[in-house]
Amino acid sequence: MPETQLNNPLHGKTLEAILNELVAFYGWKRLGDQVPIRCFTDNPSIKSSLTFLRKTPWARQKVEDLYLNMRR
């Protein structure tokens, strides 16, 4: 098994778990300010956000980057 994943904080984390932690930490309003996408600012929900993030790599990358910054 590759050793490259040992220090990766995203390893084993689902997108849903990451999003739930971000919403708990920032709330939808601040999350929408940090990553300005409509699924966070206009009638936000976990389900709609997951659907959008799974289809949109650039948005998912921004969310993952924000999560990593939050953990620091």
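Where does Asn43 lie? In the loop between helix 2 (38-41) and helix 3 (46-55). Helices here are DSSP runs of H or I, at least four residues, numbered from the N terminus.

Some ground rules. This is a predicted model: local features need pLDDT of at least 70, side-chain atom pairs count only at pLDDT 80 or more, and totals for chains, interfaces and linings use all residues. Residues are numbered from 1 along each chain as its sequence is written, and side-chain values use heavy atoms, with hydrogens and water left out.

Back to Asn43. Its phi is near 55°, a positive value in a residue other than glycine.

Now the core. The largest nonpolar core has 20 residues. By nonpolar core I mean buried Ala, Val, Leu, Ile, Met, Phe, Trp, Tyr and Cys residues joined through side-chain atoms within 4.5 Å; buried is under 20% relative accessible area. Helix 1 (15-34), helix 2, helix 3 and helix 4 (57-71) each give two or more residues. Helix 1 supplies the largest share, 7 residues.

Take Leu22, among those with the most contacts inside the core. Beyond four places in sequence, Leu22 is in contact (heavy atoms within 4.5 Å) with Gly27, Leu31, Val63, Leu66, Tyr67 and Met70.

Last, helix packing. The axes of helix 3 and helix 4, lines fitted to C-alpha atoms over the stretch in contact, come within 5 Å and cross at roughly 115°, on a scale from 0 to 180 degrees between N-to-C directions. The two helices are therefore roughly perpendicular (65 to 115 degrees). Helix 3 brings Phe52, Leu53 and Lys55; helix 4 brings Pro57, Trp58, Ala59, Arg60 and Val63.

Notes: Buried means under 20% relative accessible area, exposed over 50%, partly exposed in between (1.4 Å probe, protein chains only). Angles under 35 degrees count as roughly parallel, over 145 as roughly antiparallel, 65 to 115 as roughly perpendicular and the rest as oblique.
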